[in-house]
Amino acid sequence: MTDGRALALAYLKQQQMLGGDAVILNGARSTEHGAEALPVAPTPVANAPSSVLPPPGLSFDPPSGDLFAADPVQRTHTLAEIAALVHDCTKCKLCEARTNTVPGEGPTNARLVVVGEGPGRTEDETGRPFVGKAGELLTKILSAIELPREQVFICNVVKCRPPENRLPQYDEIAACVPYLFRQIEILKPAVILAMGGTAAQTVLNTKQSLGALRNLVHRFRGIPVIVTYHPAALLRNPNWKRPTWDDVRIARRILDS
Ligand code: URA
Ligand code: SF4
């Protein structure tokens, strides 16, 4: 098998994993162009210019905590210290109905940080981020760019579950976001993947729609930010799997560069 063909097949396998098999595999099965004909993939991986990134987007540069700040969040130096503060936090009304706080999890040396919206039911029950249905899909998305979930720091904008999974409100986000920003400050990742409108708008301090924010390389304190759909939205609308795949490949390219 030629290298190009092997690459194209690997690509198809990944697409299939992400649920995009129906359209593409028809091309793969086609034999009318002879045995050497390559499957028709929308983006020919073998020839794709791997260094081309989307244009720059927004830049958000909130001041970081200074050394002498009195705020306990700014005085933390480890992820565990942040998790301990979150555990006891009552800064917003989401503390009232929570079972567990969900500070986020992953290694301190993670090069990718995934930011979601807020814990759902399973997350609230377990204290772990993205462990329900959306979490399963996130794990698949990450493995499709060869990132074992264990190597990624996964967290949310708000650390306590909004009742009935409603959107977190502005005051709740404002109260909780110092934890996220401090987590990013400690982690110093190479890329941030913001999944869904809440994550994207919070990390970039904008009201722009997800559609307008996709396919650009934004910056948070200088760190590249890639915006894509939320896995829960993909479960409702499988048509968004393909574009999500394109987005995470941008993150992969930055990690590889
Ligand atoms: N959705 C999120 O945004 N975060 C989770 O942790 C789980 C589902
Ligand atoms: Fe505190 Fe955030 Fe939980 Fe609100 S959501 S109580 S700010 S940890």
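Which backbone nitrogen does the side chain of Asn-156 reach? The side chain of Asn-156 comes to 3.3 Å from the backbone nitrogen of Gly-118. Keep that pair in mind as we walk through this model, which is a predicted one.

Let us begin with Asn-156 itself. You can find Asn-156 in strand β3, which covers residues 153-156. Its relative accessibility is 2%, so Asn-156 counts as buried, the cut-off for that word being under 20%. Both Asn-156 and Gly-118 also belong to the group of residues that surrounds ligand 1, and that is our next stop.

Turn to ligand 1 in the structure above. Around ligand 1 you will see Gly-116, Glu-117, Gly-118, Glu-123, Pro-129, Phe-130, Asn-156 and His-230. Sorted by class, this shell holds two nonpolar, four polar and two charged residues. The backbone takes part in the contacts here. A polar backbone atom of Glu-117 lies 2.8 Å from an oxygen atom of ligand 1. For Gly-118, a backbone N or O atom is 3.0 Å from a nitrogen atom of the ligand. On its own, ligand 1 has 230 Å² of accessible area, and the protein covers 91% of that. The space that ligand 1 takes is the second largest pocket.

Now consider the backbone angle phi. Most residues other than glycine have a negative phi. In Phe-130, however, phi is near 45 degrees, a positive value in a residue that is not glycine.

Look for Asn-215 in the loop between α8 (210-213) and β5 (217-220). Is Asn-215 buried or partly exposed? Its relative accessibility is 46%, so Asn-215 counts as partly exposed.

While you are in this part of the chain, move to Ser-209, in the loop between α7 (197-204) and α8. Ser-209 has a relative accessibility of 42% and so counts as partly exposed. Its C-alpha atom is 9.6 Å from that of Gly-196, a residue 13 positions away along the chain. Leu-210, by contrast, lies in helix α8 and is buried, because its relative accessible area is 17%, under the 20% cut-off. The C-alpha atoms of Leu-210 and Thr-198 are 8.9 Å apart, with the two residues separated by twelve residues along the chain.

Our last stop is ligand 2. Which residues surround ligand 2? They are Val-86, Cys-89, Lys-91, Cys-92, Leu-94, Cys-95, Arg-98, Lys-159, Cys-160, Ala-175, Cys-176 and Tyr-179. By class, this shell has nine nonpolar residues, no polar ones and three charged ones. Helix α6, running over residues 170-187, gives the most to the shell, with three residues. The space that ligand 2 takes is the largest cavity, whereas ligand 1 takes the second largest pocket.

Terms used: Residues are numbered from 1 along each chain as its sequence is written. Chains are lettered from A and ligands numbered from 1 in the order in which they are written. This is a predicted model: local features need pLDDT of at least 70, side-chain atom pairs count only at pLDDT 80 or more; totals for chains, interfaces and linings use all residues. Side-chain values use heavy atoms; hydrogens and water are left out. A residue is near a molecule or strand if one of its heavy atoms lies within 4 Å of it. A polar contact is a pair of N or O atoms within 3.5 Å; within protein, one must be able to donate a hydrogen and the other to accept it, and residues adjacent in sequence count only if both atoms are side-chain atoms. Accessible areas come from the Shrake-Rupley method with a 1.4 Å probe; for residues, only the protein chains shown count as cover. On a 1 Å grid over the protein atoms alone, a cavity is a set of points where a 1.4 Å probe fits but cannot get out, and a pocket is an open set with protein on both sides within 12 Å along at least five of seven lines; lining residues have an atom within 4 Å of a point. A molecule sits in a cavity or pocket if more than half of its atoms lie within 2 Å of its grid points. Ala, Val, Leu, Ile, Met, Phe, Trp, Tyr, Cys and Pro count as nonpolar, Asp, Glu, Lys and Arg as charged, and the others, Gly among them, as polar. Helices (H or I, at least four residues) and strands (E, at least two) are DSSP runs, numbered from the N terminus. Buried means under 20% relative accessible area, exposed over 50%, partly exposed in between (1.4 Å probe, protein chains only).
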